[in-house]
Structure formats: C-alpha cells, structure tokens
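These entries record what I looked up in one protein model, in the order in which I looked.

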Amino acid sequence: MKEIILAKYGEIILKGGNRARFENVLLNNIRNSLREVAEFDMRLAQATVYVEVHDPKKLDLVVERMAKIFGLVTITRAAAAEKDIEDIKRTAGEYLKNDLIEGRTFKVEAKRSDKGFPLKSPEICREIGGYLDDEFPSSVDVHDPDRTVRIEIRDFGAYIYCDENKTAGQGGMPIGTGDRATLLLSGGIDSPVAGHMISKRGVEINAVNFFSFPYTSQRAKEKVIELASILARYTSKINLYVVPFTEIQIQIRDNCPEEHMTLIMRRFMMRIAERIARKTKSLALVTGESVGQVASQTLSALDVTNDVADMPVLQPLIGMDKNEIIERAVKIGTFDTSILPYEDCCTVFTPKHPTTHPVRANIEKTESRLDVETLIEAALAGTEMIEVYPR
Ligand code: ATP
Ligand code: MG
C-alpha cells in the first residue's frame, strides 16, 4: 500500500487569471521547504498538491513542514489505490484497521471528480461502507460518527483517508506573491506575531532589531536571532539587521525631557527601519502595536511615531487584546522565547511618566536638540546583517 500526502490550498482558488502564477510560487515554496528533509515527487491538480515521499519514514516530518507553508489549508495523509472498487476496498481495509476499532463509529463519504469511474458517489459509499462494516468491529453512524472516511476518485487514482487524521495548514497566501516588508523585531511577544501575520499574507519579510549593547546583553541579541529563526520556519531565511542603538538612546536621555524619551526613540527606530527598508526594496514597515496597550500606543502617540515614516506602517495586531496575541504567539512557537527575561533596549531607558497624549510640535521641538541625521548615519554604518535560517 502506498501512502501519499494531499495538500489542499485555499484562497488561491479565487485568483482567476492569475491563479497559475500563485500556484507556481506555492509549488516552489514547497519544493524549497522539503528539499533537505526528503526525496519526493510532486504534482498539482484540482486545487490539490500531491506529494509522494520516497521514504515512508519521512512522512511525519514532511507533514510537519508542510503545515508551516503559507497557502495550504489542509495537509492529509491518504492511501492511494487503483481506480477499481475491489482495490479501493482492499486498500481501505488495510489503511483503516487501526481507526475502525471496537466502540468507535464511522461513516463513508465519497467524491467522484473523475466522472468516468463506473460507480456513482452513493454507490461507492454503500460498497465501501458495507465492506468496512463487515470487516471491522466498529459500526456505522451517519449522523455523528467518530471517524469520517473519505474516498476521493481523482485524476490519477483513488484516495482514502479519515477527516480526523488531517493536519490544519496555515492558510494565507504563498510567500513571494506579496512583495516585501521590513519587520521591527524586538525581543517581546508582539512583534514576532505581527511578522507572522503579515508574511502569512504572502509578504516576504526581513527584520530590523535595535540593540543597546552593553545595556542589553549578548543574550538579548541571541534571543532576537532565535525569534527570527522561529519565524523563518514559516518564511525560509530571514535577513536580520541589527542596529547599534546605544548612542541614540544616550543622546536622547541626556538632551530631551524624560517624558518624551520613548516617543523620540520610537521615531528614530521608524526612520532607521525605513532607510533599511528602502535599501532592501521593502515597501512597508511592520510593527507590533495594539491600541492602548502601553503609553506609546495611544492613537496620538502612534500618530507622532508613524509621522516620520514615508511608507505604510502595517500594524496587524492593532485591534487585538494581549491574550489574543499571546494565544497566537503560543501557536506559532515564539512565546516561550519571547518571555525569556533578557531585557529589551527600550526597557532600559523607560521613563517613569511617559506622555500619553503628545503634542507633535513639542516632540519635534525637543527632538531638534539632536543631530538626527548624523545619529542615523552612524547607526546605519554600524549595522550588522545576519542571515537567519529556520531552527
Ligand atoms: P513587542 O512585544 O513587540 O516588543 P511592545 O508591546 O513591547 O511590543 P513597544 O516596546 O512599544 O511595544 O514597541 C512597539 C513596536 O516597536 C514593537 O512591536 C516592535 O515592532 C518595535 N520595537 C520595539 N522595540 C524594538 C527593538 N528593540 N527593535 C526592533 N523593533 C522594536
Ligand atoms: Mg517591546
């Protein structure tokens, strides 16, 4: 018996005339993601990607990888049979023997997309259902079964699987179909989730981190690299730009009123990130704010911060509650790393009473005490680029 993977894609179906282009990007992404884990053959038909893995021991690993590829909605292991009802029975019997055990109920659903197959769907259900009912101790329940057995008669063969053994995919659009954006990646909980959400829409990302050595330790930098490497499981390699930020923070601390510190610092981040974005052909910045979460995330604070950026600032978490963000962080696998204690550059220079409703003119006035352009140039000159691979 041969077991293969059927992966179904989602939104691409809506792509009309452009569909082939999206499909090609998706296939390429799958090829790249699986290349180092297994040898396989792949083809696409009827909104489904068929993956035949040469070594059956690698199937689990391949499913795990595919569950991280944007664009796929379900990844299903299925037994492949000849398009012959006797072979389908035999194969179903062998494949499902561990599912149809004593005390469990099942039903069979059939779908015949190859209309040349001699039996119609209800007849297939009856034949296979009857056979499985006779062969195994479980019994039929068409209303609320423990296992829904699916038989699909498709172009290249017949496929058998249980709904309950499907793996949920990421959904979204394949990376590479939506340009590039630059993520401001801190060591916190929020920004990795923001990066995941934007790349889920098919956008390739690179990342910028502002690093205040020695106020923040080498460990804090490693934590950011670790977060980028978790994100890279979904996106493939991420270029991470680590910007030395200490001098800027010291200048702000020594020259600007304490309550303006955070906002002026955030404005520097946006300006520098935008320069890096332009140099790397990114079309937008991505940050992890949500309205009202902290003082620098009131609407007026966001206004004063984003004011310095001349490109769209995408803030996918903007309407989410902290617990919703945490839920996502757990799901994508970044949470445990995000909560490691190593401090972020901002926590070191946090004012006691930050302005929550800043007046733009006042911020601009205090900021003008600094040589903004020279500070930016120096930070960019000291920026290190790290290629981060999935880990
Ligand atoms: P996070 O959990 O993502 O750190 P936060 O709730 O701590 O977010 P802030 O510290 O106000 O919020 O930062 C808002 C956003 O600014 C972050 O989500 C991130 O996109 C960006 N940012 C903050 N600090 C840094 C940093 N050191 N390097 C890069 N980006 C940063
Ligand atoms: Mg933070």
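**Entry 1: P174**

Is P174 buried or exposed? I find that P174 is buried, with a relative accessible area of 0%. I use buried for under 20% relative accessible area, exposed for over 50% and partly exposed for values in between, with a 1.4 Å probe and protein chains only. I note at once that this is a predicted model, in which local features need pLDDT of at least 70, side-chain atom pairs count only at pLDDT 80 or more, and totals for chains, interfaces and linings use all residues. Residues are numbered from 1 along each chain as its sequence is written, chains are lettered from A and ligands numbered from 1 in the order in which they are written, and side-chain values use heavy atoms, with hydrogens and water left out.

I located P174 in the loop between β9 (166-168) and β10 (180-184). Helices (H or I, at least four residues) and strands (E, at least two) are DSSP runs, numbered from the N terminus. I then listed contacts, meaning heavy atoms within 4.5 Å. Not counting residues up to four places away in sequence, P174 touches I12, F22, V25, L26, N29, F70, G71 and G202. I also looked up V203, which is 29 residues from P174 in sequence and 8.1 Å from it in space, C-alpha to C-alpha.

**Entry 2: the whole protein**

I turned to the overall picture. The protein has 14 helices and 15 strands, and its C-alpha trace spans about 85 × 40 × 35 Å along the principal axes. Of the 391 residues, 52% are buried. Among contacts between residues at least 6 apart in sequence, 79% join residues at least 24 apart.

The protein is divided into domain 1 (2-168) and domain 2 (180-388); such bounds come from an automatic or database domain assignment. I read a separation of 43 Å between the C-alpha centres of domain 1 and domain 2.

**Entry 3: strand β8**

How many residues of β8 are buried? In strand β8 (residues 158-162), five of five are buried. I checked the faces separately: A158, I160 and C162 are buried on one side, and Y159 and Y161 on the other. In a regular strand the side chains alternate between the two faces of the sheet.

I next looked up the partners of β8; two strands pair if DSSP finds at least two bridges between them. Strand β7 (residues 147-153) pairs with β8 in the antiparallel sense over five bridges, and I151 has I160 as its bridge partner. The hairpin that joins β7 to β8 passes through four residues. Strand β4 (residues 72-81) also runs antiparallel to β8, joined by three bridges, with A81 opposite A158.

**Entry 4: the six-stranded sheet**

I traced an open sheet of six strands, in the order β14-β13-β10-β11-β12-β15, with mixed pairing. Its edge strands are β14 (313-314) and β15 (384-388), each of which pairs on one side only. Strand β12 (residues 238-244) runs antiparallel to β15, and five bridges join them. Y241 stands opposite M385 in β15.

Why do I call helix α5 (residues 190-200) largely enclosed by the rest of the structure? I do so because 10 of its 11 residues are buried. Among them are D190, P192, H196 and M197. Just after α5, G202 takes a positive phi of about 95°.

T334 is found in the loop between α10 (322-332) and α11 (335-338). I find T334 buried, with a relative accessible area of 1%.

**Entry 5: the second largest pocket**

A pocket is an open set of points on a 1 Å grid over the protein atoms alone, with protein on both sides within 12 Å along at least five of seven lines; lining residues have an atom within 4 Å of a point. The second largest pocket holds about 600 Å³ of space. Of its 21 lining residues, the closest to its centre are S33, A232, R233, S236 and P390. The elements that give two or more residues to this lining are α1 (19-34), α2 (59-66) and α6 (218-235). I see that α6 gives the most, with four residues. The lining draws at least three residues from each of domain 1 and domain 2.

Key
1 Å grid on protein atoms, 1.4 Å probe; cavity = no way out; pocket = protein on both sides within 12 Å on 5 of 7 lines; lining within 4 Å. Points joined across faces, edges and corners; volume = space filled by probe spheres on them.
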